[in-house]
Amino acid sequence: MKQILMGNDAIALGMIHAGVDMVSGYPGTPSSEILGNFQKYSRTFTCNTYAQWATNEKVGFEVAYAGAISGKRTCATMKQVGLNVASDALMSASYIGLKGAMLLISCDDPGFYSSQTEQDSRSFAKFARIPVLDPSTPQEAYDMVKLGVEISHQFESIVMLRPVMRVSHAREICEVDEALHVKPLKGDFERNIPRWAAVPPAGRFRQGLEQFERLDVIKAWNWEHLIEPKTKAFKGEKVLCLTSGTGDGYVREAISELGLKADVLKFDMPYPLPKEKVEALFEHYEKVIVFEEPMPCIEEQLSSPKLYGKLTGHLHKIDEFSKDKVLNALANVGVIEPLNTYKNAKYTEELPKRPPNMCPGCPHRDVHYAITKVFKKKKSIYTSDIGCYTLGLNQGAIDTILCMGASVSMASGFSISDPDKAVVSTIGDSTFMHSGVAPLINAIYQNHKFVLVILDNSTTAMTGRQTTPERTNPHQIDIKRIVEGCGVECHEYIYEPDLNKTVDFIKSLQECYKTATAPVVAVVREFCVLDKERVEGHLGNAFVEVDQDKCVACDSCITTYKCPPMHYNEAGKIEIDPFLCAGCSACLDVVCPTDAFVEVKEK
Amino acid sequence: MKYQIVIAGIGGQGAVFLVKVLSIASALANQKCLGTENHGMSQRGGSVSCYVKIGDFYAPAIDEGQADLLIALEGAEALRNIQYLKKNEGTIVVNADKKFPKLDYPSFCIDAFSKAKKKEFPIDALNVYMLGATLALDPHFPFTCKEIEEAITQMNAKVAQKNIAVLHQGINDAKANA
């Protein structure tokens, strides 16, 4: 039957239809909706499944992997940088293999829309020597989930599905199964110590050889089932385009819209490739061009003087694909003259920049503001982490962003390398649970002196408010007790939209810091303004406007507080957009040096 | 039939809602549909641009010089995306006041913010209001009012009546304006 599905929806439905009944992962754009949608479909189809957010991607991977060893069909979901966290487990698991099936879904983000790197998960699959499927649309993602689960079982290997953002967040009318045809498999762990607990060197050496044998079998299968049937459509043109994933769509559209002559071969499984068989196809062509994103995974597996791609410098090396880039590549290789078909003039006047910003009423803004107010910039270093609060960058309240959990370990490093400055670190509750606890233990046992502020809104806000351990189980998991368990006091502040109180709290931390010989740790109990359960009563109580006579256009509100409703009007004074103001009233005090912010009187 | 639509706005204005409505409308009209939308970092009050491609397409994104229609929920976001329009013929339907600059494209400006300020319709239905305006103003728009109404109902039956009322307000205001 036909159904309109977003890519991540299609993936989740495919998992249900493939008989997957165990899913674990960690949210990260563009992968976040998969697990939640799987929970939704589990209810729709009344399937008794396990689908939970893990504390991090490595934990999620390992939970799913144990399920696959026990004979179940399982899945781990994450974004590409999450795969870095899970990679320790992946590299070994790929030697060991499995009994049931395991689909590892790692979503890539060409163009850096929501990620700190543009790394290619297909290249990671190549590194780990597991097969990878690369869908180009939601329909293909659905089909490839089913295929991936099937061949994972067949080859006893983890199979990766690598959708990019333009697949995960694409929407398409898809043809999907109506009913469930596949029953989940029963878990039954069979003891096999030489396999599941293989130790180096002998055990792993043997498994390493098996891994190569397995790859040869998969390469042959890739040729027979996925590559050779497509060569039947070749028309004997002079140019062959090798494509994978979204690259295929751009190539096909450009070729058909411009009536260009070229054969196209799409690799559904871009790794492992049967190198010799694929290269033999080149014989009939003058030029072979590889269209893939974001990194040259296919190109690295092939070699021929006829081959052009990112490695030869004929295609863009960074950023997402487009049809214009397809034409550029064809022109660079000398197949066509340069064309401007997919170029058009941009608007030339300056437009207001609209970087993403924290929501109006967000408590993070107040904490960032208070930290920079109390710990002066010249004598401080502000380390921060991955989450909504990263947008404190807009307030000039963040000096470093690296990866999940690095705010804490880098605070340690700065406290050693530049001890004349105070280091103030901010991290969210979900990121703290993900990878902030280990560096905190490290800092406490080595007596590193810095301030750590844990911003606890009790949700994974940035990726769509997925649940967190302490939200689901507050009686057992609590940040304050975790910090105390590590051996230091945990200062606690229940956030109020009153900047005087927030600033006073940060001042109290500064006092502790002066005489501290270990990290000064605090938790701020916040809420997310988009979190309907928690936000009630906090917003809309008092709205603010600007006394136009008192505003001296000093910029301080829009540079250090940076709440979206604040903007300059035509008179050159600050104004508050009533459509955007959340009515938190936090800006009434402290923010404006001339006290121009006043409460809106009842109308 | 091939029709490519860019929907531009600011995070929170409901551009993604329109992608969903248009994809349902495509299904109702028996058309293929491929689109793409912004999530995550792009959501937090930042610029948002979504694509809907109706007909035979393989890639979800729209290239420069290709769109038949740009629906913009805010003026600056319209200007930020004009390069996606077909040269000289792509149509713009934009929520902007009279200060919106003259462009080499057929442009229709609706000052929806001032109407919302006068409480003529709720601001959180701005997206549906502008879709109504599009129905009235774009002569090549590939869906009928009935198909859009049905799509809005399928999206969320509970608030469908309210949304359809705003849709018609958008249609009527645009007609009165034109």
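## Notebook: a look through chains A and B

I started at A:Asp555, which counts as exposed, with 10 C-beta neighbours inside 10 Å. My burial scale: a residue is buried if 20 or more other C-beta atoms lie within 10 Å of its own, exposed if 12 or fewer, and partly exposed in between, with C-beta atoms placed from the backbone. This is a predicted model, in which local features need pLDDT of at least 70 and side-chain atom pairs count only at pLDDT 80 or more, while totals for chains, interfaces and linings use all residues. Residues are numbered from 1 along each chain as its sequence is written, and chains are lettered from A and ligands numbered from 1 in the order in which they are written.

I found A:Asp555 in the loop between strand 18 (544-546) and helix 22 (556-561) of chain A. For element names I go by DSSP runs, numbered from the N terminus: helices are H or I with at least four residues, strands are E with at least two.

A:Lys562 is another non-glycine with a positive phi, about 55°. Is A:Lys562 buried or exposed? I get buried, with 20 other C-beta atoms within 10 Å.

I checked A:Phe579 as well, in the loop between strand 20 (574-576) and strand 21 (597-599) of chain A. A:Phe579 comes out partly exposed, because 13 other C-beta atoms lie within 10 Å. Its C-alpha atom is 7.9 Å from that of A:Pro565, 14 residues away along the chain.

I logged two cis peptide bonds. One joins A:Thr29 and A:Pro30, with omega about 10°; A:Pro30 sits in the loop between strand 2 (22-25) and helix 2 (33-44) of chain A. Another joins A:Tyr271 and A:Pro272, with omega about -5°, and A:Pro272 belongs to the loop between strand 10 (263-266) and helix 11 (275-281) of chain A.

**Helices**

How many residues of helix 1 (residues 7-17) of chain A are buried? I count 11 of its 11, so by the cut-off above the helix is mostly covered. Among them are A:Asn8, A:Asp9 and A:His17. Just after this helix, A:Gly19 takes a positive phi of about 80°.

Next I took helix 3 (residues 57-69) and helix 4 (residues 80-96) of chain A, which pack at about 35° with axes 7 Å apart. The axes are lines fitted to C-alpha atoms over the stretch in contact, and angles run from 0 to 180 degrees between N-to-C directions. From helix 3, A:Phe61 and A:Tyr65 are among the residues that meet helix 4, where the partners include A:Leu83, A:Val85 and A:Leu90. By contact I mean C-beta atoms, placed from the backbone, within 7 Å. I sorted this contact into eight nonpolar, one polar and four charged residues. Ala, Val, Leu, Ile, Met, Phe, Trp, Tyr, Cys and Pro count as nonpolar, Asp, Glu, Lys and Arg as charged, and the others, Gly among them, as polar.

**Cores**

I then went to the largest nonpolar core, which has 161 residues, with A:Leu103 and B:Leu70 making the most contacts inside it. Domain 1 (2-197) and domain 2 (233-333) of chain A both give residues to this core, so it lies between them. The domain bounds come from an automatic or database domain assignment. A core here is a set of buried Ala, Val, Leu, Ile, Met, Phe, Trp, Tyr and Cys residues joined through C-beta atoms within 7 Å. Beyond its neighbours within four places in sequence, A:Leu103 touches residues including A:Val20, A:Cys75, A:Val149 and A:Leu161. I also found a second, separate core of 71 residues, which includes A:Tyr382 and A:Cys551.

**Interfaces**

Which residues meet across the two chains, and how many? I have 38 residues of chain B in contact with 43 of chain A. On the chain B side, helix 1 (15-28), strand 2 (33-36) and helix 2 (75-80) each give two or more residues. Helix 1 of chain B has the largest share, five residues. By class, that side has 17 nonpolar, 14 polar and seven charged residues.

Last, I looked at domains 3 (363-531) and 4 (544-599) of chain A. Their centres, taken over C-alpha atoms, are 27 Å apart. Domain 3 puts 13 residues into the contact and domain 4 puts in 12. On the domain 3 side, the largest share, four residues, comes from helix 14 of chain A.
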